[in-house]
Amino acid sequence: MIADRLKKYWRQIAALVIALAVLIALVWYVVENPVSQLFGPTVTQVPLHQKYVALTFDDGPNPPYTNEIVDYLHAARVPATFFVVGMAVARHPEVLRLEVADGNAIGNHSWSHAHMVLETRAHMRRQIAQTADEIQAVSGVRTSLFRPPYGARDFAVIGVARSLGYQVIMWSVPLPRDWQNPPPQVIAARVLGHVGDGSIIVLHDGNRGLPGDRSSTVAATKLIVTALRREGFRFVTVPQLLQLGYRQGAAPPGPAEYDTTARPGTDHR
Ligand SMILES: [Zn+2]
């Protein structure tokens, strides 16, 4: 009888199931762990001894929240980097143009926020290339930054991204789970406890390329910028942070941290 055998071996079966679950969890952890370099080089934190940080926003454009963030950043003279989802760019091209007009940097975050590890190489290429083309058609920008959705990558994802000329940009500050809409103070505290020189911070102005309430993230952005300014941090885009890293030891750039002349006015949202 099978039931009898199961009874006899239940300890071994249970041990096997647990071992398998641990293995799967371990693999998943490595696949989504932002600082792991196992599958190829990615940028997590730029080694700097100067108080520069990069604010990054994922999953948009997502009006009106993205617009509120862009307007606030403009008023505060803080440049950021927006990792946009292609299908959201197609729906809200005017928001992307606003991001670009303000001197923010743009990164590629795939077409449909797909979990790239589960895609074929051909699909990965299409996810990235289609988004790149949309960004360029809408704004004229050709980005070389890619951030995989969910931070999930393996040899194939990084290989495809690099073969298409991208740098894979992760983050150093643990995700504050702002997409769950906790109070802004909670999001800010989760971020501020982990910021150091050359940190890359991730917030979410969108919801995997779909509409979603991001009012907590909007408010948290203001708290984070205000607090970090008070601590003497300066904000740069990811490309600027990378440049600073390359020029380690050189004098920091002049006061033109942010090009205030880029935006013709504040009333075209
Ligand atoms: Zn995302």
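The model is predicted: local features need pLDDT of at least 70, side-chain atom pairs count only at pLDDT 80 or more, and totals for chains, interfaces and linings use all residues. Residues are numbered from 1 along each chain as its sequence is written. Helices are DSSP runs of H or I with at least four residues, strands are E runs of at least two, and both are numbered from the N terminus.

Residues 65–76 form α3 and residues 215–230 form α9; their axes come within 9 Å and cross at roughly 15° (axes are lines fitted to C-alpha atoms, for helices over the stretch in contact, with angles from 0 to 180 degrees between N-to-C directions). The angle therefore makes α3 roughly parallel to α9 (under 35 degrees; over 145 is roughly antiparallel, 65 to 115 roughly perpendicular, the rest oblique). On the α3 side, Tyr 65, Glu 68, Ile 69, Tyr 72 and Ala 76 meet Ser 215, Thr 217, Val 218, Thr 221, Lys 222 and Val 225 of α9 (contact: C-beta atoms, placed from the backbone, within 7 Å). Sorted by class, this contact of α3 with α9 comprises 6 nonpolar, 3 polar and 2 charged residues (nonpolar: Ala, Val, Leu, Ile, Met, Phe, Trp, Tyr, Cys and Pro; charged: Asp, Glu, Lys and Arg; polar: the others, Gly among them).

## Helices α3 and α5

Helix α3 also packs with helix α5, residues 93–101, at an angle of about 15° and with axes 10 Å apart. This angle makes α3 roughly parallel to α5.

The classes represented in the contact of α3 with α5 are 3 nonpolar, 2 polar and 1 charged residues.

## Helices α6 and α7

Helix α6 spans residues 121–139 and helix α7 spans residues 155–163; the two pack at an angle of about 45°, and their axes lie 10 Å apart. With that angle, α6 is oblique to α7. Their crossing is right-handed.

From α6, the residues Arg 121, Met 124, Arg 125 and Ile 128 make the contact, and from α7 Ala 156, Val 157, Val 160 and Ala 161. This contact of α6 with α7 has 6 nonpolar and 2 charged residues, and no polar ones.

## Domains and selected residues

The chain is divided into domain 1 (2–32) and domain 2 (52–246), with bounds from an automatic or database domain assignment. Taken over C-alpha atoms, the centres of domain 1 and domain 2 are separated by 38 Å. Trp 28 lies in helix α2 and is exposed, because 12 other C-beta atoms lie within 10 Å (exposed: 12 or fewer; buried: 20 or more; partly exposed: in between; C-beta atoms placed from the backbone). Although 125 residues separate Trp 28 from Arg 153 in sequence, their C-alpha atoms are 9.8 Å apart.

Phe 39 is placed in the loop between α2 and β1. It counts as partly exposed, with 17 C-beta neighbours inside 10 Å. Its C-alpha atom is 7.4 Å from that of Arg 153, 114 residues away along the chain. Beyond residues up to four places away in sequence, Phe 39 touches Arg 153, Asp 154, Phe 155 and Ile 158. Pro 47 lies in the loop between α2 (10–32) and β1 (52–58) and counts as exposed, with 9 C-beta neighbours inside 10 Å. The C-alpha atoms of Pro 47 and Ala 219 are 29 Å apart, across 172 residues of chain.

Methods
A crossing is left-handed if the near helix is turned anticlockwise from the far one by less than a right angle, and right-handed if clockwise. Two residues are in contact if their C-beta atoms, placed from the backbone, lie within 7 Å.
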